[in-house]
Amino acid sequence: MRPRIIDRSGDQAFMQLALELAAEGALLGEVPVGAVLVQQGQVIGRGFNRPITDNDPSAHAEMVAIRDAAKAVSNYRLPGSTLYVTLEPCSMCAGLIVHSRIERVVYGALEPKAGVVQSQGQFFTQGFLNHRVLVEGGVLAQECGQILSDFFKARRAKS
């Protein structure tokens, strides 16, 4: 079996795009999390948190980006793709990532309460999963954490 060669050259640029999407969500009053799905160096899906806007508790940034990508490529499976997300995924999103057959997840900030990649367990390493996901955390972590901190600081100041 040949080892997989990971191209990390665009990680910061794609994470920056995810941050821009997170900022769009913040303007709508959504928790600022953004996600971008990339396949063969091309963005095929974009999303930011929209549960309030859409009245949909499943409308996390990852969900929105994955749905967008699946429609764009007319396939519910997204092999060879990388998901860039500004915040460590939760259990709901981690399950979708596996079912979508996403090859790699790159995230920015840790999510100490609900993140299941590193903070509250290592979901993607579980033996019962039928798909393995490569993971890289901490890409633009400071910036990804700062947009969240600023958002919640402003929200507290309003109340």
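Which residues have the most contacts inside the largest nonpolar core? I looked this up in a model that is predicted. Leu83, Ile97 and Phe124 have the most contacts there, and the core has 42 residues. I then listed the elements that give two or more residues to this core: helix 1, strand 1, strand 2 (42-48), helix 3, strand 3, helix 4, strand 4 and helix 5 (141-158). Helix 1 gives the largest share, seven residues.

Next entry: Ile97. I set aside its neighbours within four places in sequence. Ile97 is then in contact with Ile66, Leu83, Pro89, Ile102, Val105, Phe124 and Val133. Ile97 sits in helix 4 (residues 91-99), where Cys93, Ala94, Gly95 and Val98 are buried along with it. I checked what covers these buried residues, and found helix 3 (61-73), strand 3 (81-87) and strand 4 (104-109) among the elements. After helix 4 comes Arg101, with a positive phi near 65°.

Next entry: Glu30. I found Glu30 in the loop between helix 1 (11-27) and strand 1 (34-39). I did find a polar atom of the Glu30 side chain 3.1 Å from the backbone nitrogen of Ile52. Beyond four places in sequence, the contacts of Glu30 include Gly25, Asn49, Pro51 and Phe151.

Last entry: the record. An unreviewed UniProt entry annotates residues 9-136 as "domain: CMP/dCMP-type deaminase". I noted that this span is 34% helix and 23% strand, with its end C-alpha atoms 13 Å apart.

Technical notes: Residues numbered from 1 in each chain as written. Predicted model: local features only at pLDDT ≥ 70, side-chain atom pairs only at ≥ 80, totals over all residues. Heavy atoms only, no water. UniProt positions renumbered as here; feature names shortened; annotations may be inferred. Helix = DSSP H or I, 4+ residues; strand = E, 2+ residues; numbered from the N terminus. Polar contact = N/O pair within 3.5 Å; in protein donor to acceptor, adjacent residues only side chain to side chain. Contact = heavy atoms within 4.5 Å. Buried < 20%, exposed > 50% of the residue type's maximum accessible area, 1.4 Å probe, protein only. Core = buried A, V, L, I, M, F, W, Y, C linked by side-chain atoms within 4.5 Å.
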